[in-house]
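The sequence and the structure come first, and the notes follow by topic.

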Number of protein chains: 2
Amino acid sequence: MAIRPLLTSQPHVVVGLGDDCAVLKAGPDFDLLLKTDAVVEGIHFLPETDPERVGHKALARPLSDIAAMGGTPTSAVVTLGLPPGFDPERVLALYRGMNRLAVQHQVAVVGGETTTNPGQWLVSVTVVGSIPRGQALLRSGAQVGDAIFVSGELGGSLAGHHLDFEPRLAEGRWLRSCGWAHSLMDISDGLAGDLPHLLAASGGLGAELLGSAIPVSRVARVRALEPKAKPALLAALTDGEDFELLWTCAPKDAVRLLDGWKSAFPTVPIHCIGRVTEQPGVRIRDSRGIQQLPARGYEHFSAHV
Amino acid sequence: MAIRPLLTSQPHVVVGLGDDCAVLKAGPDFDLLLKTDAVVEGIHFLPETDPERVGHKALARPLSDIAAMGGTPTSAVVTLGLPPGFDPERVLALYRGMNRLAVQHQVAVVGGETTTNPGQWLVSVTVVGSIPRGQALLRSGAQVGDAIFVSGELGGSLAGHHLDFEPRLAEGRWLRSCGWAHSLMDISDGLAGDLPHLLAASGGLGAELLGSAIPVSRVARVRALEPKAKPALLAALTDGEDFELLWTCAPKDAVRLLDGWKSAFPTVPIHCIGRVTEQPGVRIRDSRGIQQLPARGYEHFSAHV
């Protein structure tokens, strides 16, 4: 649905809809970042999911969006939609999980509204962050020839990562301050779903990925051994909820970025997975040749990988 | 439920939970205001309610909270929870209603997330505002002897006012800048429900109201004529969703505040309805004497008025 044409801007809006966060002019030295997100029982978590993990996830998701601008989160407000007869102990546990993460990143949770939502729990979290003025790392900065990087490993998130992931806040800030990254976003809908957003925002560019360079998580590899399972590479491309960072930089800066990262975050792997092309669309190269990544529908592609 | 003890603060939090908005230190000249609120189908509006009015209400509610600090709203983000098979035309209509109000108050709606919420629509809106540093008008500033004022008329909101009300933003800013108001909040849960919050925040004070001074809306008076209807004064005290302003000022400033208001807002009535007392509790004086307003449960009180 095209909501964007309906929305109205104002002079203080640097970036509205369409990036990981909105960017708003605030003081002379910094811009505000603003992001809202919701998790819903039965969709983003199950009735039997540990509520502490639900609270963690509900806050970690918008924090990942702040990370994807290179920013620092400062405050959050929460609205809980609760069915009649909810268990108050579960609400307390949800807040414990959320607050543990909030404390870790010095985020103040300054509002806790509740409302009735028959049928299922819904947790809506809005996060405010700040960033030095004009320095937000946008999706729209990728250039032809850029090296494409991802943090961590992709695929199989539903096995547990989606509830426990750590938003890459320090890493996002490092990417912003190193000065080499041209564009940045987080991967929430799978690499195959999100990379096209970055390329479209950068003026309709394309990408060529190297299949063997895409970091496939161990759990996705193990799951791929099950009967009728998704192939591991397809899982890494399409599973979603990875909440890793995806960025580009000039090829001349790729090696020092890699070295700098290793020194700053020795336990977080990163991989250069391909390059930005002038030709639109995303292609994957492997030992059997080059294959177009479909914009949607992976049945045929699944047979190929 | 006591959420507050679970939440964690940070040095930049001036006011956390417990006032109409959170107040956060931001730049050298101004503080940020932050408020989230949600409306749910079947509770805050009906399936057949015009979606433009739902959009208006969903944004107007948190704007009323910004008004209740004396602030200026700048930006909003929205999460729509939609049941499967929702009508996209209704989503567009909801945004039309919201954006009309946003444009009127120069608020940028910078994010429009959607998620599935089986069973009913849910509209969560977070508003960011700004206010000159240290000047937010809090609930906690009331003093013994203060005159108590309300804007507009109270009661009967469900007949339509709750969908169409105009947040009192200009009025809230005027109250802040006039310098006479000691405390301010908006009335969302009825005067009888909200005044005790202001008095509690101000150190456990009380109030004596003059029954005949409480402005009862025309619709509440008309409804009171129906069989078994709530008496009009009780409706004005307890109906909720008035979204009018409630404030206190020193008695010596009450007349010039009244004169200044009349000149600034000639079409918006205000009434001095009583005074703040050292004795806790809220009492109402009428021709038959003085009556304690119960903290909850209005059955007996209903028989009296």
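Leaving aside residues up to four places away in sequence, A:D20 touches A:K35, A:D65, A:A68, A:M69, A:M185 and A:D186; a contact here means that two C-beta atoms, placed from the backbone, lie within 7 Å. The model is predicted: local features need pLDDT of at least 70, side-chain atom pairs count only at pLDDT 80 or more, and totals for chains, interfaces and linings use all residues. Residues are numbered from 1 along each chain as its sequence is written, while chains are lettered from A and ligands numbered from 1 in the order in which they are written.

**Around A:D20**

- A:D20 sits in the loop between β1 (13-15) and β2 (22-25) of chain A; helices (H or I, at least four residues) and strands (E, at least two) are DSSP runs numbered from the N terminus.
- A:D20 counts as buried because it has 26 C-beta neighbours inside 10 Å; the cut-offs are 20 or more other C-beta atoms within 10 Å for buried, 12 or fewer for exposed, and in between for partly exposed.
- From C-alpha to C-alpha, A:D20 and A:L198 are 10 Å apart in space, although 178 residues apart in sequence.

**Nonpolar core**

- The largest nonpolar core has 182 residues; such a core is a set of buried Ala, Val, Leu, Ile, Met, Phe, Trp, Tyr and Cys residues joined through C-beta atoms within 7 Å.
- The members that touch the most others are A:L34, A:V123, A:A236, B:L33, B:L34, B:V123 and B:A236.
- Beyond four places in sequence, B:V123 touches B:A38, B:V39, B:V54, B:A58, B:V78 and B:L80.

**Where the chains meet**

- On chain B, 52 residues are in contact with 52 residues of chain A.
- Elements of chain B giving two or more residues to this side are β2 (22-25), β3 (30-40), β4 (72-82), α2 (88-104), β5 (108-116) and β6 (122-132).
- The chain B side that touches chain A has 26 nonpolar, 22 polar and four charged residues, where Ala, Val, Leu, Ile, Met, Phe, Trp, Tyr, Cys and Pro count as nonpolar, Asp, Glu, Lys and Arg as charged, and the others, Gly among them, as polar.

**Helix packing in chain B**

- Helix α1 (residues 51-67) of chain B packs against α2(B) at an angle of about 45°, with the axes 7 Å apart; axes are lines fitted to C-alpha atoms, for helices over the stretch in contact, and angles run from 0 to 180 degrees between N-to-C directions.
- α1(B) and α2(B) are therefore oblique to each other; angles under 35 degrees count as roughly parallel, over 145 as roughly antiparallel, 65 to 115 as roughly perpendicular and the rest as oblique.
- The residues of the contact of α1(B) with α2(B) comprise 11 nonpolar, three polar and four charged.
- α1(B) and helix α4 (residues 169-178) of chain B have axes that come within 8 Å and cross at roughly 15°, which makes α1(B) roughly parallel to α4(B).
- In α1(B), B:L63, B:I66 and B:A67 meet B:L169, B:E171 and B:G172 of α4(B).

**Positive phi**

- Most residues other than glycine have a negative phi.
- A:E241, in the loop between α7 (232-238) and β10 (244-249) of chain A, has a positive phi near 60°.
- B:E241 also has a positive phi near 60°, and lies in the loop between α7 (232-238) and β10 (244-249) of chain B.
- A:E241 is partly exposed, with 18 C-beta neighbours inside 10 Å, and B:E241 is partly exposed with 19 other C-beta atoms within 10 Å.
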